[in-house]
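Visitor: I would like to walk through this protein with you, one question at a time. Could we begin by looking at it together?

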Amino acid sequence: METSMTAYFKASIAALALLTVPVAANAENLCRGYGPQTPRDISNTAGSNTATVAFAPEAATLNLCNLHTHTNAEHKGPGFSVFVDDSDHGGFRCNETDTLTEAELVAPESDAFHGVKPGDTIEVHWVFSSCNVSPGKGLGSCLSDSCVNPQLRVEAQTFLVVNDSNALNFMDFAYQDNIVDGLHQPKALPTGTGSPVTFIGSTTGPSYSQAKCSPFQVTWSVRPQCAKVDINSLNAWAEAGNIFQEDHSHGVRQLVTAEELLAPIN
């Protein structure tokens, strides 16, 4: 039976899974008294929210508890700075989107992974927990009745989705029952897309905004450049029946721009 704290955590984060600059919320509409929020422009190091939050340990020392995607990128970065719109399916696109070839944009035979097509941008989140938990559906898998206040870490990579077998294979970064030193781990994390920008933030997803903050604190590690990923490998991940029960890409939380809601990046 779930404790009330566990139920509250699960209910609160159930939704989670610039050509034009978004307008910041009016100061009087900002949520108050919360820790640092996410997503953010990782090129902007400014932030005045100095709530005391410890950085989570490295991903290799934690348990992978969830893996999911968002369409488009929630964060803004050097390689994904093209603003889409301010809807739940807005966010940012990879800068190279308009340079894709006709072959890269051909529709795949399968559409097992919904909400994504060639030419789309996705931001992938590998979520790690300090709790002794196993991977599963939703962020509720990141805690347990005996561990209701975990340290959370999210490793994030933004991908440009293409129909090309020479692009990265998403299955190389999947879980596939991989255990390393007794810990649940992805088969690999992306490399070659720049040194990750690490900072304190929060959970994301379209249920939160600058007026409605997330109360859960997360250590973020966001890679600054896009990489191409083969859409057929995303469909294969869905077809294989991944343990996360992910078969679609989620919406985005709009960029947090108010400095009082952001932690400084050192």
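Guide: Happy to! One term first: a residue is called exposed when its relative accessible area is over 50%, and buried when that area is under 20%. Please keep in mind that this is a predicted model.

Visitor: Then let me try that out. Does Gly182 count as buried or exposed?

Guide: Gly182 sits in the loop between β6 (179–180) and β7 (183–184). With a relative accessibility of 61%, Gly182 counts as exposed.

Visitor: How far apart in space are Gly182 and Asn63, C-alpha to C-alpha?

Guide: Along the sequence, 119 residues separate Gly182 and Asn63. In space, their C-alpha atoms are apart by 9.0 Å.

Visitor: Let's turn to the cysteines. What pattern do the disulfides follow?

Guide: The structure holds four disulfides. One of them joins Cys65 to Cys142, and another joins Cys94 to Cys226. Counting the bonded cysteines along the chain, the pattern is 1-7, 2-5, 3-8, 4-6.

Visitor: Now for strand β1. With which side chain does the side chain of Thr69 make a polar contact?

Guide: Thr69 belongs to strand β1 (residues 63–70) and is buried, at a relative accessible area of 0%. Beyond four places in sequence, the residues Thr69 touches include Phe113, Glu123, His248 and Ser249. The polar contact, at 2.6 Å, is with the side chain of Ser249.

Visitor: I see several aromatic rings. Why is the pair of Trp237 and Phe244 called tilted?

Guide: There are seven aromatic pairs in the structure. Planes under 30 degrees apart count as stacked and over 60 as edge-to-face, with the rest tilted. The rings of Trp237 and Phe244 have their centres 6.4 Å apart and their planes at 45°, so the pair is tilted.

Visitor: Which cluster do the ring pairs build around those residues?

Guide: Trp237 is buried at 2% relative accessible area, and Phe244 is buried at 1%. Ring pairs link them into a cluster, whose members are Phe113, Phe170, Tyr175, Trp237 and Phe244.

Visitor: Last stop, the largest nonpolar core. Which element gives the most to it?

Guide: This core has 28 residues, and Phe199 and Trp220 are among those that touch the most other members. The elements that give two or more residues to the core are β5 (152–162), β8 (197–202) and β9 (217–222). With five residues, the element that gives the most is β5.

Visitor: Which charged end sits over the ring of Phe199?

Guide: Phe199 is also one of the residues in contact with Trp220. The charged end over its ring, 5.4 Å from the ring centre, is that of Arg40.

How values were computed
Residues are numbered from 1 along each chain as its sequence is written. This is a predicted model: local features need pLDDT of at least 70, side-chain atom pairs count only at pLDDT 80 or more; totals for chains, interfaces and linings use all residues. Side-chain values use heavy atoms; hydrogens and water are left out. Rings of Phe, Tyr and Trp (its six-membered ring) pair if their centres lie within 6.5 Å; planes under 30 degrees apart count as stacked, over 60 as edge-to-face and the rest as tilted. Buried means under 20% relative accessible area, exposed over 50%, partly exposed in between (1.4 Å probe, protein chains only). A charge sits over a ring if NZ of Lys or CZ of Arg is within 6 Å of the ring centre and within 35 degrees of the ring normal. Helices (H or I, at least four residues) and strands (E, at least two) are DSSP runs, numbered from the N terminus. A polar contact is a pair of N or O atoms within 3.5 Å; within protein, one must be able to donate a hydrogen and the other to accept it, and residues adjacent in sequence count only if both atoms are side-chain atoms. Contact means heavy atoms within 4.5 Å. A nonpolar core is a set of buried Ala, Val, Leu, Ile, Met, Phe, Trp, Tyr and Cys residues joined through side-chain atoms within 4.5 Å. A disulfide is a pair of cysteine sulfur atoms within 2.5 Å.
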